[in-house]
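Please keep the view open beside you as you read.

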Amino acid sequence: MDPHFLDFEQPIAELEAKLDELRRVGDDNALNIGDEIERLRKKCMTLTESIFSSLTPWQISQLSRHPRRPYLLDYVERLFEDFQELHGDRAFADDRAIVGGVARLDGRSVMVIGHQKGRDTKEKIQRNFGMPRPEGYRKALRLMEMAERFRLPILTFIDTPGAYPGVGAEERGQSEAIARNLQVMAALRTPIVCTVVGEGGSGGALAIGVGDRVLMLQYGTYSVISPEGCASILWKSADKAQLAAEAMAITSEKLLEQELIDAIVPEPLGGAHRNLDTMAATLKAALLEHLDDLAAIDMDDLRARRYRRLMGCGRFKE
Amino acid sequence: MNWFDKLIPSRIRTEVVSKRAVPEGVWAKCDGCNAILYRAELERSLEVCPKCAHHHRLSARRRLDSFLDPEPREEIAPDIESVDPLKFKDLKKYRDRLAAAQKATGEKEALVVMRGALKGQPLVAAAFEFAFMGGSMGSVVGERFVRGVDAALEQGAPLVCFAASGGARMQESLFSLMQMAKTSAALGRLREARLPFISVMTDPTMGGVSASLAMLGDVNVAEPNALIGFAGPRVIEQTVREKLPEGFQRSEFLLDHGALDQIVDRRAMRDALADLLAILMHRPRPIWPVIEASAPASEPEPEARTEPASEPAPEPSTEAAAPPDGDGGAVPGQRA
């Protein structure tokens, strides 16, 4: 088994391996096996389509944290020009689990902020698996306030298992850092578009997730607690994560139904990791569309709408 | 029941009382020092042990009852109820859990909000009911809190919230998470209106409640030895794989690390917050109960004199009419 493929992706992986082999044979052989290759390619596509047309919430949850899932910096190099990273919270440290900086999107100046996971072991540790500490949120806050000052729209990219549960994080006020961001983002005088590109893990995700538009990649997830965490509390066993993923309605489709997000950004066949360039192009188009919409709204009105949107989150009866 | 118990005739058999459930009777055992306490005395001291000052949990309604003046009181949005938007079911149905919690607590939800007064100063007070699904915050808790903020804004009055919560309510999934943003945004409005928000954290204040409304007080207060934090101690222990330091995530720890302004004993809470709010609202130090003879000597409070029944009740309107509007130096007219 290729560890870079999830279990339900294995049949696709096997077909692709066969296809690769055939292609190699075809290269140094005069035999015409083009028909065979074409047949296999079609078969591979049909298979992928059929697997991906009926994914369970649990499978989507696995896709959202796929080891080959594109991370923030993969998007940054494809979406933006002139990205300049800005570091540090000016008080304690630079948290590498959150990356922020200024850039141009199709020529216009923007502020980019997002979670960053690591690809190899060394980077994973450096990025703390995308789990920010308070200084990460405070860096984000500093950059967001700067964006307001210089009238830069803010684009945030959400992809975290959650805020880091550690001793130091608690000592330095993880709760306060998250709470402060929620309050400030709700009232910032600049447009904010948030996109869940991978895993939207609870308060650690929401802390950079309050905006005028909230988008989700098709196979992203967003939830109050991880399926494993929920299962271990409510089902008393982490093995029931599949049930928890189902019950919590964590997929983009469900969340759009509940009007908790504004739009789904479709992923290429087989998921974002199968075709990063296509994914980036689709995402860029979506971001531009929403930024254009927001740019047309008067700032007081924009803030009022953002507030109303937040107040409308919740279901109850009177 | 073992064979020996069965031998004993039923009229001399003593009922086996489970260790924890002593409170039904006349006596109660302190969870802090194991002292056997007279139930009525413990109630009088607001469930604080007179021997070791251990703060036992207090229900939302008793909390507000002991904190607010007897009059006026008006509960805000008492009738809104959860609707189970996801038809959530784990080992039990969410609906059944709600029904059981309602039956056990007599509350419809995990937050009680009231318009009232503190030593004659109008204010809005909210208290979490920990016995209601761990005081977890779902749509109704968020909505009630926001209505409390709105009432405070409308009245030009401060807001006090007593938190006691395990965090967000998983059974409402993302709706619950969004209550963090909703309540924090509403508190932003209160802040813009320059109305004080005092957050009192009681045992426990964790997760999504701690990481939203509870940490956003202009003044953050905690009761002694309350567990307060973002991640639960067990989760942290599993993550860092080491023993946590003594007193970790307790009020005193948070005070040391700069997250709190004060730790206040429950029995002194009413006095402390009344004085604090009076200073922030530019009012004279509240005198309570109002004694007819002393009133004219210290403060010219004509309304208080006409109502000797321990109720100075400055009509909310006088305060509401003049919320400090944009000018931080504005001093409302009460101070002669």
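**Notes on the predicted model**

1. Chain A has 14 helices and nine strands; both are DSSP runs numbered from the N terminus, with helices being H or I of at least four residues and strands being E of at least two. Its radius of gyration is 21 Å, close to the 20 Å that the globule rule gives for 318 residues, so chain A is as compact as a globular protein of that length. That radius is taken over C-alpha atoms, and the globule rule is 2.2 Å times the number of residues to the power 0.38. Along the principal axes, the C-alpha atoms of chain A fill a box of roughly 65 × 50 × 45 Å.

2. A word on conventions before the details. This is a predicted model, in which local features need pLDDT of at least 70 and side-chain atom pairs count only at pLDDT 80 or more, while totals for chains, interfaces and linings use all residues. Residues are numbered from 1 along each chain as its sequence is written, chains are lettered from A and ligands numbered from 1 in the order in which they are written, and side-chain values use heavy atoms, with hydrogens and water left out.

3. How much of chain A is buried? Of its 318 residues, 58% are buried, where buried means under 20% relative accessible area, exposed means over 50%, and partly exposed lies in between (1.4 Å probe, protein chains only). The accessible surface of chain A comes to about 13,400 Å², and carbon and sulfur atoms account for 50% of that surface. These areas come from the Shrake-Rupley method with a 1.4 Å probe; for residues, only the protein chains shown count as cover.

4. Now the contacts, meaning heavy atoms within 4.5 Å. Taking those in chain A between residues at least 6 apart in sequence, 72% join residues at least 24 apart.

5. Next, the charges. Chain A carries 42 positive and 49 negative charges, and their mean positions are 3 Å apart. Lys and Arg count as positive and Asp and Glu as negative, with His and the chain ends not counted; each charge is placed at NZ of Lys, CZ of Arg, CG of Asp or CD of Glu. Over all chains, the structure holds 49 salt bridges, each a side-chain nitrogen of Lys or Arg within 4 Å of a carboxyl oxygen of Asp or Glu.

6. Two of these pairs sit within helices. A:R39 and A:E36 form a salt bridge at 3.1 Å, N to O. Both belong to helix α2 (residues 34–52) of chain A and are three residues apart, so about one helical turn separates them. A:R39 is partly exposed at 46% relative accessible area, and A:E36 is also partly exposed, at 32%. In helix α14 (residues 299–311) of chain A, A:R305 and A:D301 are four residues apart, about one turn of the helix, and their side chains meet in a salt bridge at 3.2 Å, N to O. Here A:R305 is partly exposed at 40%, as is A:D301 at 29%.

7. Which residue forms a salt bridge with A:R65? The partner is A:E228, at 3.3 Å, N to O. This pair links distant parts of the chain, 163 residues apart: A:R65 is in the loop between α3 (57–64) and α4 (72–79) of chain A, and A:E228 is in helix α10 (residues 227–234) of chain A. Both are partly exposed, A:R65 at 27% and A:E228 at 26%.

8. Do look across the two chains as well. A network of salt bridges links A:E318 with B:E143, B:R147 and B:K182.

9. A lysine to check is A:K139, in helix α6 (residues 134–149) of chain A. Is A:K139 buried or exposed? It counts as buried, at 0% relative accessibility. Leaving out residues up to four places away in sequence, A:K139 touches A:L86, A:H87, A:G88, A:D89, A:D94, A:D95 and A:I98.

10. Finally, some backbone points. In chain B, a cis peptide bond joins B:D203 and B:P204, with omega about -10°; B:P204 is in strand β8 (residues 197–206). The peptide bond from B:W288 to B:P289 is also cis, with omega near -5°, and B:P289 is in the loop between α10 (269–280) and α11 (294–298) of chain B. In chain A, A:D82 has a positive phi near 55°; this residue lies in strand β1 (residues 81–85) and counts as exposed at 51%.
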